[in-house]
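Colleague: Could you walk me through this model? I'd like to check it against the picture as we go.

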Amino acid sequence: MKEKQLAGEEAVHYIKEGMTVGLGTGSTVYYSLMKLGELVKNGLKIKGVSTSKSTTALCEQLGIPLISINEVNRIDVTIDGVDEVDHKFNGIKGGGGALLFEKVVASISDKVIWVSDSSKVSQSIGHFPLPVEIVPFGYVHVLRTLENHNLNPQLRVKQNEIYKTDSGNYIVDLHLKEIENVEQLSSFLKNMTGVVEHGLFLNVVDTLIVGDHDRVNITIVK
Ligand code: 5RP
């Protein structure tokens, strides 16, 4: 079995009858959704809160019942992927462009589980380009400001068109290689006019599940 599949399926053990479950986005969570779909088919009652149009579409296909985030008070457990995670359990997310909804869902979740393959675990985050979601209006100026701070921004383009998030925003990927101070960069980006959200997820994950060859490593972070 592939590492992503091992991790994705393992996370589903944390979902219990009656729970409200945050459903992340990406190719690792895909395996969680496939497994969850089977359990739902066999009678498990849960309500899912989706983090993207693609996850919503897959849930509809699999018969996983969804509820709007605005109709829940809290989420019991959220399963999501991650693009890079370090030994302090800080992560970069947003490779799939869903970072804004993923961060909102994580912020109201009692427990956040990240599922990953072993290639994404690193000593320090920053090798994976850091996604920053920005509003289209005046985006050229945000790009220039990021450039002036030597953050190596690259506007995300897909099939020759500017990539748009589910909210209609743009994504800028910062090619940093290394981040000296993650907290400082996080507040700097958060305070920049035109920036909606960034992909630094600091102190967010509660349980990390990593597929490693033919086994899973589970770390209880908090
Ligand atoms: C999407 C994300 C994903 O969780 C992240 O990109 C990991 O994706 P994958 O499991 O496909 O590698 O943050 O915005």
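Modeller: Helices (H or I, at least four residues) and strands (E, at least two) are DSSP runs, numbered from the N terminus. The model is predicted, so local features need pLDDT of at least 70 and side-chain atom pairs pLDDT 80 or more, while totals for chains, interfaces and linings use all residues. Residues are numbered from 1 along each chain as its sequence is written, and side-chain values use heavy atoms, leaving out hydrogens and water.

Colleague: OK, Asn150 then: which loop does it lie in?

Modeller: Asn150 isn't a glycine, yet has a positive phi of about 55 degrees. Its place is the loop between helix H5 (139-148) and strand S8 (153-155).

Colleague: Is Asn150 buried or exposed?

Modeller: Buried means under 20% relative accessible area, exposed over 50%, and partly exposed in between (1.4 Å probe, protein chains only). For Asn150 the relative accessible area is 64%, which means exposed.

Colleague: And what about His213, what is its relative accessible area?

Modeller: His213 sits in the loop between strand S14 (207-212) and strand S15 (215-220). It isn't a glycine either, but has a positive phi of about 55 degrees. His213 is exposed, and its relative accessible area is 62%.

Colleague: Which residues in H2 does H1 meet?

Modeller: Contact means heavy atoms within 4.5 Å. On the H1 side you'll find Lys4, Gln5, Gly8 and Glu9. Their partners in H2 are Tyr31, Ser32 and Lys35.

Colleague: Which residues is Ile15 in contact with, leaving aside neighbours within four places in sequence?

Modeller: Ile15 is among the core residues that touch the most other members. With those neighbours set aside, its contacts are Val21, Leu36, Leu44, Ile46, Val77 and Ile79.

Colleague: How far apart in space are Ile108 and Gly126?

Modeller: Ile108 is in the loop between helix H4 (99-107) and S6. Not counting residues up to four places away in sequence, Ile108 touches Ile69, Val72, Arg74 and Ile75. Gly126 is 18 residues from Ile108 in sequence, and C-alpha to C-alpha the two are apart by 26 Å.

How values were computed:
A nonpolar core is a set of buried Ala, Val, Leu, Ile, Met, Phe, Trp, Tyr and Cys residues joined through side-chain atoms within 4.5 Å.
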